[in-house]
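Here is a short report for a first look.

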Amino acid sequence: MQQRLPVLICFVAGILMFLQYFSRHPVARTVFVSINDYWQIIFAFTLLVGVAAFGKSNLRQIGRGIDTPYRFIALSGLVIMPVLAIIGGIKIDSPFQWAFEYMLAPMQATVFSLLAFFVASASYRGFRARNLQAAVLLGAALIVLIGRVPISEMISDSFPKVTFWIQNYPSMSARRGILIGIGLGSMTTALRVILGIERTYLRGE
Amino acid sequence: MSSKLFVDSERPARLYGIMSFRQTRRLLISLLLIFSASIGHASNQEPVDTAWFDTGTLPTLILSLAAIFIVLYSIRTIKAGREFFIREIPGLKAVEEAVGRATEMGAPILYTPGWGGDIQRPTTIASMNILSTVAEKTARYDCRLIYPTHDPVIMAVAQEVVREGYASAGYPDRYRADDIFYISSSQFGYAAAVDGFISRDRPASVFLLGTFEAESLILAETANSIGAIQIAGTDSTIQLAFFIVACDYTLIGEELFAASGYLSQNNMILSSVKAQDVLKILIGLFIVIAIIWATIDPSSTWWRF
């Protein structure tokens, strides 16, 4: 019973969501909207659980003296931002917005900007011509990199055309091949879950 | 609309008697206004489609039912005793190696489902299946498994999956609920926290299996910089390119979804993996026929849906 009921709920919900896709009837739409609304409600409650677990875990680690400064900063952020929002509101000139725009957003931008350096280091390793396949990859990458900037037209009119061809034919066909595999994999995984064959999410067999 | 339009407040009793000409005229005007307003309101709304079946989705329905039939037929044949060959998947074979390495080094294992997905995504479910196997192995070797996530629902499910993995291995006492934790729903907040963990605790093995977006390369390169063995897999073709460059093993395309059957050797799951191959052959045949048809008859459109 501990597993049968969740499997049954999963089966009914899965079949309902599958069937509603093929209908434009108001009842089908209502079912779809209602299920999504309930999902949002469940998510809001689980967010509380997540935040509580986050706080508990960090407090416990502070008690053990592990990464104490970082955990203090994380917890202070967790407390200060809601307090600012409750006291001063979330209007454009509120302290909450100030903290968001001048503290949170620049920190996020800083982490995002690391990507540029990581792309450079990963490309350096990836484009080493160790064998024939890697050499072909390197050649294609160089053509595409040059072909995507305005200077390529000054070198040769063929550069943009070759770049377009590489991106839209060999590259796109490989990507579509992978996408077909992903689509089929997603479908069979979903089917296994709906039919109750796959039960890992329910603590296994 | 105010009721004062047709109700004379000074003489309310007259409403129930015979109305004067002026009152009758005001009532008619009011009714006309209400009627015209309701017509205007109705004309502003889109016509409601009440058809139970949307004929535009017929090809999708036929293909879906055909795919479901093939999957169910495969499950039935394998139940009847027929066995199928599933090729070796290096990324999944390396799971044992990754756990063994972490055990030898006395370092933890980091497992991240990425930032992009939620529990509804098949990729997350597929990732949970691999997590189950990894948890069993880490329980046996008494190796610490850390699972930071951006989604509290994923956190709850992962806690159950790992707890069950430890129980299946026979070591429920080694399970640490604190090691499966929620960090932040912010993409780069999550990436920064996981990066910080990788830099400070230096895990020996890193599993990047799930739905990833821009944080993929940030995590993979940081793990690469500390020399961790990395096994990655995602449903995003853009991030796959980054993983192939930065990680030791990458599960490409359907390999991530085949992991469950491959690792558990469950016949029912393996049969559905085999069904994927049958469907792929059928799609390949369709593409070849469509190419030939379109070459012979460029005006044909039957294959476009």
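## Terms and model

Two strands pair if DSSP finds at least two bridges between them. Strands (E, at least two residues) and helices (H or I, at least four residues) are DSSP runs, numbered from the N terminus.

This is a predicted model: local features need pLDDT of at least 70, side-chain atom pairs count only at pLDDT 80 or more, and totals for chains, interfaces and linings use all residues. Residues are numbered from 1 along each chain as its sequence is written, while chains are lettered from A and ligands numbered from 1 in the order in which they are written.

## The sheet

Chain B holds an open sheet of 6 strands. Their order is β3-β2-β1-β4-β5-β6, and the pairing is parallel. β3 (180–182) and β6 (249–251) of chain B are at the edges; each has a single partner strand, so one side of each lacks a neighbour in the sheet.

Strand β1 (residues 109–112) and strand β4 (residues 205–210) of chain B pair in the parallel sense over 4 bridges. B:Tyr111 has B:Phe207 in β4(B) as its bridge partner.

## Helices on the sheet

Helix α4 (residues 122–141) of chain B packs on the sheet. It touches β1, β2 (145–149), β4 and β5 (229–234) of chain B (contact: C-beta atoms, placed from the backbone, within 7 Å). Its direction makes about 155° with that of β4(B).

Helix α9 (residues 255–264) of chain B lies across β4, β5 and β6 of chain B. It runs at about 95° to β6(B).

## Between the chains

The contact takes 63 residues from chain B and 50 residues from chain A. On the chain B side, helix α5 (residues 152–169) gives the most, with 9 residues.

Definitions and conventions. Two residues are in contact if their C-beta atoms, placed from the backbone, lie within 7 Å. Axes are lines fitted to C-alpha atoms, for helices over the stretch in contact, and angles run from 0 to 180 degrees between N-to-C directions.
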